[in-house]
Amino acid sequence: MATVDDISRPSRVAGPDEAISAEELQLAARNHGIPLEALRYDVTPAGLHYLLIHYDIPDVDPATHALTVDGAVGTPFTVDLAELRRRPRVTHQVTLECAGNGRALLRPRPVSQPWLVEAVGNAEWAGTPLAPLLREAGLAPDAVDVVFTGADHGFERGIEQDYRRALPVADALREEVLLAYEMNGALLLPQHGAPLRLIVPGWYGMAHVKWLRSITVLTGEFDGYQNAVAYRLRADADDPGVPVTRIEPRALVRPPGFPDFMSRARVLRPGRCTVDGRAWSGHAPVTSVEVTIDGGVTWAPAVLDEPTGGEWAWRRWRFEWTAEPGRHVLGARATDASGRSQPVEQPWNRGGFANNMVQRVEVVVPAE
Ligand SMILES: Nc1nc2c(c(=O)[nH]1)N[C@H]1C(S)=C(S)[C@@H](COP(=O)(O)O)O[C@H]1N2
Ligand SMILES: [Mo]
């Protein structure tokens, strides 16, 4: 007899020399990253924004879709999209990053969606603030967690589930948390959660529940899979770990010059050039970016451009460089106002989350 255990994989760390498998490649092909040259745009065009979809994109009809608010509230209710659109509308530019970004660079490699550094995007999300809706429902005084349920369904490590994630009440009530129905001035695309998703500025991607269909208030801590099992920073399989929450600081280099097709190493003409990229943190504003051209041995300050997208959006940085013939390994390191910065050595954990180790961009400058 076939069982789900035959097909639903346990969590696992790859062996020392184990290459990326066809299963990991299958995930990578579905869940694409931002092409790094697209770091040039202040606002990431929708088709270039990264994607992460645990199960299938669900079949949701916007004409009949409704959002239910229930659980520990005085007045449970259901609203349709037309009604949500009549409520106050706000737009926030938000840098979204998958908590698994950087996972495939870890040694040993936790086996899951094998991101390198490209699971990020910065989009303009429009919708209505969540907090007033929760207040109108009348939160119970002893409310603890708010659970957000998507319309997508699947198996994960043997457990059948709807995609469901909770936020502590205080975080759900932050004024910048949105029920978003538009991205970059257009209706949400199917892959980004159409017709409705949650946006939690500053938090890693897993909190931004797509295809949102219900919000349930609990008077105890939510013990569902995505909070209690997945998305925890654990030293090993037996460690209860701590929840993954806000985005750690990171700077990425927009790769200079032009690439070799297969290696994607960069070729750059010698001489003066401007190296630039983006930097962000979900904890506090980025206060400085430093650049290395020797793989993290020496550092020089970059210039941070004025913020263009508000407090939840990435910032552009730039660095004037005279490229000398030879091989170089470029990288950038962001520091935020909370004092958090990026390590050169990997911050390893069992799930491969929040790896904000400094990027390595191989550049060859040929002699003229
Ligand atoms: N319903 C639902 N919401 C979801 C997911 C999902 O699989 N199902 N993936 C989450 C994860 S892990 C990330 S990183 C972000 C990705 O959002 P994007 O695909 O719009 O970039 O969506 C989050 N919201
Ligand atoms: Mo993610």
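Buried residues make up 51% of the 368 residues in the protein chain. The model is a predicted one.

**Overall form**

The protein chain holds five helices and 22 strands. Its C-alpha atoms fill a box of roughly 70 × 55 × 35 Å along the principal axes. How does the radius of gyration fit a compact globule? A compact globule of 368 residues would have a value near 21 Å, and the protein chain has 21 Å, so the two agree.

Contacts tell a further part of the story. Take the contacts between residues at least 6 apart in sequence: 73% of them join residues at least 24 apart.

**The nonpolar core**

In soluble globular proteins, nonpolar side chains tend to be buried together. Here the largest nonpolar core has 51 residues. Which of them touch the most other members? They are L67, L130, F148, L179 and I215. Several elements each supply at least two residues of this core, among them β1 (66-71), α2 (81-86), β5 (145-156), β7 (178-183) and β10 (212-218). Helix α3 gives the largest share, four residues.

**Helix α3**

Helix α3 spans residues 130-137. Its buried residues are L130, A131, L133, L134 and A137. Where do they sit around the axis? They cover an arc of only 165°, so they lie on the same side of α3. After the helix comes G138, whose phi is positive, near 80°.

**Single residues**

| Residue | Relative accessible area | Class |
|---|---|---|
| C98 | 9% | buried |
| S214 | 10% | buried |
| C273 | 17% | buried |
| R87 | 18% | buried |
| Q26 | 54% | exposed |

Start with S214. This residue lies in strand β10. At 10% its relative accessible area is under the 20% limit, so S214 is buried. What does S214 touch beyond its neighbours within four places in sequence? The contacts are L67, T68, V147, F148 and T149. Two of these partners, L67 and F148, are also among the core residues that touch the most other members.

Next is R87. Its place is the loop between α2 and β3 (90-97). Is R87 buried or exposed? R87 is buried, because its 18% is under the 20% limit. Leaving out residues up to four places away in sequence, R87 touches T128, P132, L133 and E136. One of these, L133, is a buried residue of α3.

Q26 and Q113 are 87 residues apart in sequence. In space, their C-alpha atoms are 9.0 Å apart.

**Cysteines**

A disulfide is a covalent bond between the sulfur atoms of two cysteines. How many disulfides does the model have? The count comes to zero. The rule asks for a pair of cysteine sulfur atoms within 2.5 Å. Burial can still be given for C98 and C273. C98 counts as buried at 9% relative accessibility. C273 counts as buried too, at 17%.

How values were computed. Residues numbered from 1 in each chain as written. Chains lettered and ligands numbered in written order. Heavy atoms only, no water. Buried < 20%, exposed > 50% of the residue type's maximum accessible area, 1.4 Å probe, protein only. Arc of directions from axis to C-beta. Rg over C-alpha atoms; globule rule 2.2 N^0.38 Å. Contact = heavy atoms within 4.5 Å. Core = buried A, V, L, I, M, F, W, Y, C linked by side-chain atoms within 4.5 Å.
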